[in-house]
Amino acid sequence: QVHLVESGGGSVQSGGSLELSCKLPGFTYKQYCLGWFREREGVAKREGVAMIYAGSNGRTAYAGAVKGRFTISQDDDKNTLNLKMTSLKPEDTGMYYCVANPKSCPGLGTGAAALFEYWGQGTQVTVSS
């Protein structure tokens with residue numbers, strides 16, 4: 001069982017910034033696909049936000065709605081996966097989840113959430129206008 005723990009959520013005004021962090025267990029996660037998903041009120045399914053491809057030397061992918069504003073990264077010294085969020089908008093409000101999947105990367109599209117094997121408990125992000 002892979003245990004993922006998120007932190008860094010909170011409340012911020014529109015235009016502000018937050019950085020989320022996910023503590024990764026001490027396994028060889030470099031062979032895993034790592035990413036962030038979110039769940040927003042009124043949106044039926046969990047949405048892919050950003051992803052780092054396993055073993056890809058850091059190749060990343062972003063949802064169109066966050067591209068240019070969010071940055072995903074890994075800190076190998078601290079064993080964390082991070083999501084830096086800038087220029088936040090009220091529509092970014094939601095519960096953000098750290099995800100991991102061994103070997104393959106399901107992507108960020110519709111239905112991808114069901115293909116990620118491991119999920120954290122989530123951290124709430126609230127952006128006020």
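This is a predicted model: local features need pLDDT of at least 70, side-chain atom pairs count only at pLDDT 80 or more; totals for chains, interfaces and linings use all residues.

1. Residues are numbered from 1 along each chain as its sequence is written, and side-chain values use heavy atoms, with hydrogens and water left out.

2. I would begin with strand β9, which covers residues 94-102; strands here are DSSP runs of E with at least two residues, and helices are runs of H or I with at least four, numbered from the N terminus. Seven of the nine residues of β9 are buried, so that the strand is mostly covered, where buried means under 20% relative accessible area, exposed means over 50%, and partly exposed lies in between, with a 1.4 Å probe and protein chains only.

3. Strand pairing requires that DSSP finds at least two bridges between the two strands. By that rule β9 runs antiparallel to β4, to which eight bridges join it, and Arg38 stands opposite Tyr96 of β9. Three bridges join β9 to β11, again in the antiparallel sense, with Gly94 opposite Val125 of β11. Strand β10, residues 118-119, pairs with β9 over two bridges and is also antiparallel; here Tyr118 in β10 is the bridge partner of Ala100.

4. Asn101 belongs to β9 and counts as buried because its relative accessibility is 6%. The side chain of Asn101 reaches the backbone oxygen of Ser104 at 3.1 Å, which falls under the heading of a polar contact (a pair of N or O atoms within 3.5 Å; within protein, one must be able to donate a hydrogen and the other to accept it, and residues adjacent in sequence count only if both atoms are side-chain atoms). With contact taken as heavy atoms within 4.5 Å, and neighbours within four places in sequence set aside, Asn101 touches Tyr32, Cys33, Pro106, Leu115, Phe116 and Glu117.

5. The largest nonpolar core has 28 residues, and those with the most contacts inside it are Trp36, Leu81, Leu83, Met85 and Tyr96. Two or more residues of this core come from each of β3 (18-23), β4 (32-39), β5, β7 (70-75), β8 (80-85), β9 and β11 (123-128). A core of this kind is a set of buried Ala, Val, Leu, Ile, Met, Phe, Trp, Tyr and Cys residues joined through side-chain atoms within 4.5 Å. Another core, of nine residues, lies apart from the largest one and includes Ala61, Leu108, Ala113 and Phe116.

6. Beyond its neighbours within four places in sequence, Leu81 is in contact with a list of residues that includes Leu20, Cys22, Leu34, Trp36, Ile52, Ile72 and Cys98.

7. Gly48 lies in strand β5, residues 47-52, and is classed as buried because its relative accessibility is 8%. Apart from neighbours within four places in sequence, Gly48 is in contact with Trp36, Phe37, Ala63 and Leu108.

8. Which residues form the aromatic cluster? Phe37, Tyr97, Phe116 and Trp119 make up one such cluster, and the count of aromatic pairs comes to four, given that rings of Phe, Tyr and Trp (its six-membered ring) pair if their centres lie within 6.5 Å. The charged end of Arg46 sits over the ring of Trp119, 4.6 Å from its centre, and that of Arg59 sits over the ring of Tyr53 at 3.9 Å from its centre; the rule asks for NZ of Lys or CZ of Arg within 6 Å of the ring centre and within 35 degrees of the ring normal.

9. Arg69, in the loop between β6 (60-62) and β7, is buried, with a relative accessible area of 11%. The side chain of Arg69 reaches the backbone oxygen of Ala65 at 2.9 Å, and a polar atom of that side chain lies 2.9 Å from the backbone oxygen of Ser87.

10. Two loop residues deserve a look for their backbone angles. Ser87, in the loop between β8 and β9, has a positive phi near 50 degrees although it is not a glycine, and is partly exposed at 40% relative accessible area. Asn79, in the loop between β7 and β8, likewise has a positive phi, of about 55 degrees, without being a glycine, and is partly exposed at 22%.

Note on methods: Rings of Phe, Tyr and Trp (its six-membered ring) pair if their centres lie within 6.5 Å; planes under 30 degrees apart count as stacked, over 60 as edge-to-face and the rest as tilted.
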